[in-house]
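Please read it alongside the sequence and the coordinates shown here.

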Amino acid sequence: MSKEYDVIVIGAGIVGSLVARYLSKYQLEILLIEKEVDVGMGTSSANSAAIHAGYDAVPGSNKALTNVMAVDMWPQLSQELGIAYERCGDYVVAVDDEEMRVLEELLERGKQNGVPGMEIICGDEIRKREPLLRPDVVGALWAPTGGISDPFAATIAAAENAMMNGVTLKLSTAFEDFIMEGSRIIGVRTNQGDFYARWVVNAAGLYADEVMHKAGVRPEFTIRPRRGEYLILDKADFQLTNTTILFPTPSSKGKGILVASTLHGNVIVGPNANFVDSKENKDVTKEGAEEIWSGGKKLVPAIERKYIIAEFGGLRATGNAPSPNPEINYNQDFIIEIPENVQGLVNLGGIESPGFTAAPAIALKVIELLKGAGEDLKAKPNWNPVRPARPVFRHLSRDEQARLIAKDPSYGRIVCRCEMVTEGEILAEIHSPIPATTYDAIKRRTWTGTGRCQGGFDMPRVVAILSQELGISPEAVTKKGQGSEFLFRRTKDVEKDHLTVEGLL
Amino acid sequence: MKQTYDVIVIGSGPGGLAAAIAAKENGADDVLIIERDVELGGILLQCIHNGFGLELFDEDMPGPAYAQHFIEKTIGHGVHTLMDTMVLDITPDRTIFAINKELGYLELKARSIVLAMGCRERTRAQILLPGARPAGVYTAGTAQRFVNVEGQMPGDKFVILGSGDIGMIMARRLTIEGARVERVLEIMPYLTGLTRNYVQCLLDYGITLQKQRTVNRIIGRDRVEAIEAVSVDNRWNPIPGTKEIIPCDTLLLSVGLIPENELSKKAGVQLDPVTNGPFVDDRFMTNVPGIFAAGNVVHVYDLVDWVTEAGYAAGKGAAQFATSEKAVAEEQVALSAGENIRYVVPHKINKSHLAEDEVRLQMRAITPIEERVLVTVEDQNGEVIAKKGEAYARPGEILSLVIKPKTYESVLKATRLTVHVRKR
């Protein structure tokens, strides 16, 4: 029998990675498994990057509780993990009296949820703060605790910090089934073999329903993937006046199309919200682009189509779980529980927006649940919460850049000309605790290929670097794992093939 | 190494090489080329097809041979070079910040600068191409680098979107390398590249071009598995009942080029929203005194010979600026686009230059005219200053017209010049 763990976490998205990271405080043997070739490739890789203030969620729901609790955790968490976070505040913008009434409701809801410092400001004031907003804005709800972070970096840094503290991460390891003794879970069966543990945490994101069903938990619970499409604008072409998030007034259709800064320096426009048939369908669509564009343009008329440099889609793990709070009637809540009918499972499900914001609080809830189940969690004396950030060339001053190149000349070669990413940064990620082994893994970590040329310049160079550093042929280098190879063969191989076919060789 | 140069040229493609040579030949002592790649020559090095040099040399050369001619001249002239070096920033007072592995962080001063960064390719996001986002979607130029420089095949079964020159040239190149090009799709009702490329690269190789047809959806999770093609009307709306799934593993995009001016903007250079390149005079000086621009960074050319010629003009201007230490206030006349003309480069002419040099105007037509046309340059009173007959006018092919020194007298009186292209 293979090694027995105390806890296995299924899924290394932001939730699973933070659960592993916070659990690594304790004297536990932890295994984090991820079906993809890298952490954070699902919902965590495609969202608004917003840290929601918490006025949107239904009061009393798990969403509201974890959202507001987590907002207070982000300043310290981002410091410890060495990732970007800015508490810039956000605005919900109203253009008529009807929308102003909705803002009043949101303000009231925010107060009930315990969101601090919110106020409704008048049209003149909001236009003064953001002159690029449409001129007929009549008012806005200001939430000073809203913010922005970087979901890619957050997930990677959380998983890395977990590993620094003894967590084992296994990539390309797909959950297949639970190993059970009666109604007790004792392990998981994966495509890489069986692993045993006293506890399993279901953090499988879009697939959390299928995972819990394998244990016979909540057969009525389903996740319907709800796609959101986004557009990214060239940072050289367009910036908001201040770093912020601008929401339209929400309607029955959802939070609406936002226009927001990102901490990578671009403005992001989106998302829409459409249920799709498959948990892998992240297609971008013509209709979607039009919908987002008209939504964004309505809010900030100054944006122009020629500023668009990237388009992507992400999936929300929209569930149908009733809130555990008997006082409210809400059927789209987060599941954060130890189910009654099986033992050894911490079950998380339906973690859609504001899941990224709420993730650190969800991790603390998991610890509470384990303690409540009688786990005697003992703190590790040498737990290190700090994951040191690696140098980001473009964020350094001229003097710092000069010193960095003098120390390590590989920082003197730019590989991605649009985002000014150096070879040194790429090498550092390939040789980091969670090695970047694909083009997209390097992209998420360094921002290579995300700019206006979308990889046209850097891609051959990155393929060459990956080939050399990983000791594999260029044909084996992939975009995002097996099956996504960039190159098929050497050019002149064709002659050999033809000769072989004709029996000449 | 030196900190101050008479002329610093950024980029060593055909425009940059010609500018450096001309700067030397016109009296600049210290000339430096900064190149981000490891060799001089720019994109010419991956253009191993022929067709270069017909206009300037009456010779049909492949790109690397054409580049070599100018590289040798550059070295022979004693031009300094910094390879594998990226310029990070340029200030309006002509300080250049650059980095490389060997010398680290560099701060250089130039009496004049020639911007010759070329252009970049439009990507799938810029045309909002719908569908999945797997591996196997490349711009034609990136695929060209893989095949011709790295010796790697980026696919076996291709569909090419766009009838731009690089796309058609890659269709032929990939076919020669044993790949299949299933189709070239063009959303416009006309060819966007050169007719000669259509004949030599598609017709001669039996590759089908379909006009007013585009990619409606990319299919495939990890790698492209197929594309869905659809026909469009004149307003690019899909026509019902015309969808077709074309199985393929690679989609190449040849959907336009954009002058690369992010550095220019940092230096305070103003850009023409039509060309996406700087406003320039006949020596290719931008609005920032002492900062010149040459080649595809100004507007996208269709023939490299004209890029070289522009580089010569810019290099001469840069040398004169560097050696005279100050810009002479010149009387200028503005050029504007008239009937069926999308843009004219240069945007203005220094009248005095016409006394010594001819000035070449480059224009693009808005809509095709498939019969004999007359290109005219007219002054504010409609007086024809210069004219030229052409067999046709097509948006994909640049119209070119030279204003000769003999027109000097009439241009001297002009307050505005407008270029038209009309049926004869």
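## Interface, domains, sheet and helix

In this predicted model, 41 residues of chain B are in contact with 44 residues of chain A.

**The side of chain B that touches chain A**

- Seven elements of chain B each supply at least two residues of this side, namely strands S4 (86-90), S5 (95-100), S6 (104-115), S7 (119-121) and S9 (152-153), together with helices H3 (140-150) and H6 (262-266).
- Helix H3(B) gives the largest share of the side of chain B that touches chain A, with six residues.
- By class, the residues on this side of chain B comprise 15 nonpolar, 12 polar and 14 charged.

**A strand pairing between the chains**

**Domains of chain A**

- Chain A is divided into domain 1 (4-44 + 152-223 + 320-372), domain 2 (84-149 + 225-314) and domain 3 (393-476).
- The C-alpha centres of domain 2 and domain 3 of chain A are 31 Å apart, and the contact between these domains takes four residues from domain 2 and five residues from domain 3.
- On the side of domain 2 of chain A that touches domain 3 of chain A, two residues are nonpolar, one is polar and one is charged.

**A five-stranded sheet in chain B**

- Five strands of chain B form an open sheet with mixed pairing, in the order S21-S19-S26-S23-S24.
- Its edge strands are S21 (348-350) and S24 (384-390) of chain B, each of which pairs on one side only.
- Neighbouring strands of this sheet are turned against each other by 20 degrees on average, direction ignored.
- Strand S23 of chain B, residues 373-378, pairs with S24(B) in the antiparallel sense over six bridges, and here Glu378(B) stands opposite Val384(B) of S24(B).

**Helix H7 of chain B**

- Helix H7(B), residues 304-324, has 21 residues and reaches 30 Å from its first C-alpha to its last, which is close to the 30 Å expected at 1.5 Å a residue.
- Because 17 of the 21 residues of H7(B) are buried, this helix is largely enclosed by the rest of the structure.

Notes
Residues numbered from 1 in each chain as written. Chains lettered and ligands numbered in written order. Predicted model: local features only at pLDDT ≥ 70, side-chain atom pairs only at ≥ 80, totals over all residues. Pairing = 2+ DSSP bridges. Helix = DSSP H or I, 4+ residues; strand = E, 2+ residues; numbered from the N terminus. Axes fitted to C-alpha atoms, helices over the stretch in contact; angles between N-to-C directions. Domains from an automatic or database assignment. Contact = placed C-beta atoms within 7 Å. Nonpolar A, V, L, I, M, F, W, Y, C, P; charged D, E, K, R; others polar. Expected span 1.5 Å × (residues − 1). Buried ≥ 20, exposed ≤ 12 C-beta atoms within 10 Å, placed from the backbone.
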